[in-house]
Amino acid sequence: MDENDLARTIIGAAIEVHRTLGPGMLESTYQECLARELDLSGITYSRELPVSLDYKGMEIEQAYRLDFLVNDLVVVELKSVQSVEPVHKAQLLTYLKWSKKRLGLLLNFNVPVLRSGIHRVVNKLG
């Protein structure tokens, strides 16, 4: 499964979570439920994955945590906020750069229809 096919599957799982729960829950609740949907789909993922970075020769362990890394290909960042701000997309792009991944999904569950809360972020890597 390539990144785009995987992204469609992740989005489908997120839509199912949103359809069941609706907006207004805590991010941690959506994270638990999305993990369950991914489990039911048989998709491999890591959750709350710590990632280190190197700053001028000094390794900073656990510099940040990925909400999900799915099939070692797609970084998924969850939000439950009033609106997605540029800083949220910048955060995901930073995660993509340091983890050397190309595709990220920023999913904001605090919207009436999840379609308006889905943001794809691409790291060109080169």
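Reader: Is Arg-8 buried, partly exposed or exposed, and what is its relative accessible area?

Author: The model is a predicted one, in which local features need pLDDT of at least 70, side-chain atom pairs count only at pLDDT 80 or more, and totals for chains, interfaces and linings use all residues. Residues are numbered from 1 along each chain as its sequence is written, and side-chain values use heavy atoms, leaving out hydrogens and water. A residue is called buried under 20% relative accessible area, exposed over 50% and partly exposed in between, with a 1.4 Å probe and protein chains only. Arg-8 is therefore exposed, its relative accessible area being 54%.

Reader: With which residue does Arg-8 meet in a salt bridge?

Author: A salt bridge requires a side-chain nitrogen of Lys or Arg within 4 Å of a carboxyl oxygen of Asp or Glu. At 2.4 Å, N to O, the side chain of Arg-8 meets that of Asp-5.

Reader: How many salt bridges does the structure hold?

Author: Besides the pair of Asp-5 and Arg-8, the side chains of Glu-32 and Arg-47 form a salt bridge at 2.5 Å, N to O. Because Glu-32 lies in helix α2 (residues 27-41) and Arg-47 in strand β1 (residues 45-55), this pair ties together parts that are 15 residues apart in sequence. Glu-32 is partly exposed at 46% relative accessibility, and Arg-47 is partly exposed at 31%. These pairs are among the salt bridges of the structure, whose number is six.

Reader: How many residues apart are Arg-102 and Glu-3, whose pair links distant parts of the chain?

Author: The side chains of Arg-102 and Glu-3 meet in a salt bridge at 2.5 Å, N to O. Arg-102 sits in the loop between α3 (86-99) and β4 (103-108), Glu-3 in helix α1 (residues 3-21), and they are 99 residues apart.

Reader: What is the area of the nonpolar surface patch made by Tyr-55, Met-58 and Ile-60?

Author: Patches take residues with over 30% relative accessible area and no salt bridge, joining like charges within 9 Å and nonpolar side chains (Val, Leu, Ile, Met, Phe, Trp, Tyr) within 5 Å. Accessible areas come from the Shrake-Rupley method with a 1.4 Å probe, and for residues only the protein chains shown count as cover. Met-58, found in strand β2 (residues 58-70), is partly exposed at 46%. Together with Tyr-55 and Ile-60, Met-58 makes a patch of about 290 Å².

Reader: How many aromatic pairs are counted?

Author: Rings of Phe, Tyr and Trp (its six-membered ring) pair if their centres lie within 6.5 Å, and planes under 30 degrees apart count as stacked, over 60 as edge-to-face and the rest as tilted. By this rule, the number of aromatic pairs is three.

Reader: Between the planes of Tyr-30 and Phe-109, what is the angle?

Author: Tyr-30 lies in helix α2 and Phe-109 in the loop between β4 and β5 (118-122), so the pair ties together parts 79 residues apart in sequence. Both residues, Tyr-30 and Phe-109, are buried. Their ring centres are 4.4 Å apart, and the pair is stacked because the planes stand at 10 degrees.

How values were computed. Helix = DSSP H or I, 4+ residues; strand = E, 2+ residues; numbered from the N terminus.
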